[in-house]
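Hello,

I am handing over the structure below, with notes on what was found in it. Please read the notes with the structure open.

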Amino acid sequence: MKKTLANVFKSIIFLCLLGLAIATSIVILKRKESDYKYTDFFNEAKKDHIDVLFMGSSHVINAINPVFLFEEYGITSYNMGGHGAMLQATYWELREALEYCTPKWVVVDTYMLEKNIRYLDNREEFDDEDEVNTSVEQLHLNMDAWPLNDLKRAAIDDLIQDESVKNEFLYEFIIYHNRWKYLNEDDFKTITGTANRNRLFGAEMRYDVELDPELYPDVTESDLLTEDTVGTEYLEKIIELCQERGIPVVLTYYPFSADTKDQAAAIRAGEIAENYDVPYINMLNLDVIDLYSDLNDHGHLNVVGSKKVTDYMGQWLSEAGDFADHRGDDDYAYWQECVENFNKELDDVLFDEDNLYIKLDLLNLEDYNFVLYVNGNSPVFLDSFLKRMIVNSSMSDKVESTSGPYILIKDNSTRQIYEACESEEIYSMSTALGTLNYRPVEQYFRLLYSDEDPDTNYLYDESHYLEDIQLIIYNDDGEIVEHDYYKSNGGNYVR
Amino acid sequence: MQFVSKEFLIFLPVVVAINYIIPRKFKYIWLFITSLFFYVSVDVKSAVVLVASIALAYGFGIMLEKNKASENNKNGKGILILAITVHIAILIACKYLNFIEKTVLSIAGRGEDAIGLNLLATLGVSFYMLKIIGYLIDVYRGDIIAEKNPIKLGLYVSFFPQITQGPIERAKNMLPQFNFPLTVDFDMLRNGLLEIIWGYFLKLVVADRLAIYVNNVYSDPEVAVGFTTLVATLFYTFEIYTDFAGYSHIAIGISRILGIDVMDNFNCPYLSGSIAGFWRRWHISLSTWLRDYLYIPLGGNRKGTARKYINIMIVFAVSGLWHGADWTFVVWGVLHGFFQVIGYVLRPLRDKLVDVFKVERNAFSHRTLKIMVTFLLVNFAWVFFRASSLGQALVIIKNSFVFTPWMLADGSLFKYGLDSADFFVAIVGLIIVIATDLVSYNGFIIRERILKQGIWIRYIIGIAAIVAILVFGIWGPGYDSAAFIYQQF
């Protein structure tokens, strides 16, 4: 009997250790994208630090930056957007989120309202196999972080049709055990809770510029979305859910290069908002972004576009809601840390970036001062895309009507913009670099010097005299932080 | 329900737990019920064939026993022939009608007219028919007394760990155990579980990983030329070993934790120094069955050299056909028979060479050479076993001989489903398998050594093995790791 008891005890110990080893393996091997996105949600929700939830698809992920919102308005928010998330996925995402926090406002983007796909794994409803796989894979980003409970089971039951695919969401190890070959430092740091996480509170910033977005015909009467879809059904459920819980909700349609069906969906979203008496912001109709510089691709905003949309929403929320300004509050020190972290990231991106279009776009976002000089007869003057970027910075059309040379000095420290072209000279420009003077002399020689240091010609270097573009970035202390030379190679500007 | 399924992982502990608490004299009833449940869970129609076969075996066994008791036992042979004929007829109806139809129509030049005549694709029919036939012959010979209890006979035929892939146990080993099953103690439990874990490792980590590469090469053999094909043939040689041996270890381990001792089925086969030696170590339950119930009744080696060679060829042709209803399997079997006959024919010459060159027979180098030659012959024959047709087998063999050693270094090997990481795990798995066989070959049973270690070492090994199977095993969505290769036979 004694031996039997000892054996039972040993077996229990073994099973406990085995369970621990398997649990550790599950944690290490789990794909971390979802944890990466939501770790700070759980942390901040626990502290009741979330004022606003932004719900929706990848359009939201790229359009709303909670760090901007905190930095500019002191409002705390979390970007719950999911890549490829249709409104039924958004609904369940909100259900899950509301288990952890009660925000002051919920902002729901209505992109993909027209989608009439009931189950995300229904192969008959998608155009091809890849779309189904992408749809299922993207749902993992939304779902993996939530613990396994009745709510998650209900969500998966509602979103997924195939039993084996459901199991992939409920018991993720069956798919993630294969990740052993992709393990990295973060996978192991998850055990100690020190893994990397999204410091933008769920947002993701993109840094490309879509120079030539496609434009679509305006919506006509015959294009309107009149039928109910799975998207409209779940949008209504979302509104009802918020209203049941007494949480104000605002619907949005963030800007992008919208085709006719998107425009029709945006109109329908407005009708639903009206039916439920909730506010609606259709940014397709508002002049919030510049389509030619603020898109990363035809559907997603880049960081500059995100700044503009977040600013707009910040302004709107500040007026509509009763939000405390958390800036300077010690309890929100982590938010401030994330602001600084992101600003440093922006600096890094700016200085690492080789693409002149993106660099100029980012300079519109950053507080840096810069000098842009373009040689006479440079191909830049035939490049409408780059000229558009310059116009965005100079706020004038001067560059459009010249063949150079051209100079733009944008000095944020004095809030002055100076511009000259061809034989124009400018003197006594007040900048952080000093009092600058500009004088073009000949094709490959020009003068830019300060009264304080007249011996330094900022625009001439013998080793770079053939490069036709110069970009000098300097800070408010008058320190030059970067001086780049670019050569035009058929529109491909090489640093 | 398969051994590699979540249902089985629930089923097995329940069966073991209840078996543990049931009184000894009733355990066989529980095991019979669970065995039928296991089989029905795979295919209800096949279960009908199984139950009918058991009923027939029971009836013929009783008839043979009664006839033995009669004065001159004059009808015994007739009853046995009838019984064997009936069971072989069932086997043919379930497995070989397509093959016969296809062969006959091909000879008539109308191969494409085949419509598929097999009555049922019955799981494990080849295995349990050999058990039944062996039982009836044993009863006829008087080696055992016919089983009076139909449930016990039914359990012998349908015992769930063995039903789909063996080992093809003998009635005289199994039936007494059903009467007096062992009480499973803690040591038996640990021993059995370790054997099961080893079986799952072989199957999920090694065999199924190798299968990915092999299947990719064999699915389009014209594309893979050179060393990639050669590697595929080598991988298949190990795939079928680790797959089948994996199953056998699981079956033996499960039997052990149910208190039933089952014969070993593999004993380091690829370390054999001859083809005859290979068959003493590969699928032992089948090769001994063929020896006892076919080779020896045919006359074995007692009727002269020529007859011995003919008997060998017959036995291996039957073995090939038993494995699968296709000429590729027949060729595989005949090749093995041919290798053995040639081995015997050339023995004087080989002995002469050994004398002339003063080769020390027990020298490591000589033994290694014999093992390598045997391995390559076995490897060659497996190509026919794996190929979907004789033509495909010839293409694979031809491609294997194209000399492209750079493919070992230029990444070509990673284009057939296994990336470098998976390839690395496959190679590590193979090294573990080979190392284990090498120490087992020298009489060192790793499982027993592990069980003699201190508790923390045992725990570490056990936990590491289970976690390794879960992590590195080929299972989950996108993989069909449930089916074992030999199951199709």
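How many residues does the contact take from chain A and from chain B? It takes 16 residues from chain A and 12 residues from chain B, where two residues are in contact if their C-beta atoms, placed from the backbone, lie within 7 Å.

This is a predicted model, in which local features need pLDDT of at least 70 and side-chain atom pairs count only at pLDDT 80 or more, while totals for chains, interfaces and linings use all residues. Residues are numbered from 1 along each chain as its sequence is written, and chains are lettered from A and ligands numbered from 1 in the order in which they are written.

On the side of chain A that touches chain B, α1 (2-29), α8 (163-170) and α9 (173-176) of chain A are the elements giving two or more residues. Helices are DSSP runs (H or I, at least four residues), numbered from the N terminus. The largest share, eight residues, comes from α1(A).

Chain B is assigned domain 1 (6-181) and domain 2 (188-488); the bounds come from an automatic or database domain assignment. The C-alpha centres of these two domains of chain B lie 26 Å apart. Between them, 25 residues of domain 1 are in contact with 23 residues of domain 2. On the domain 1 side, at least two residues each come from α1 (6-21), α4 (76-107), α5 (125-141) and α7 (171-179) of chain B. Here α5(B) supplies the largest share, five residues.

Regards
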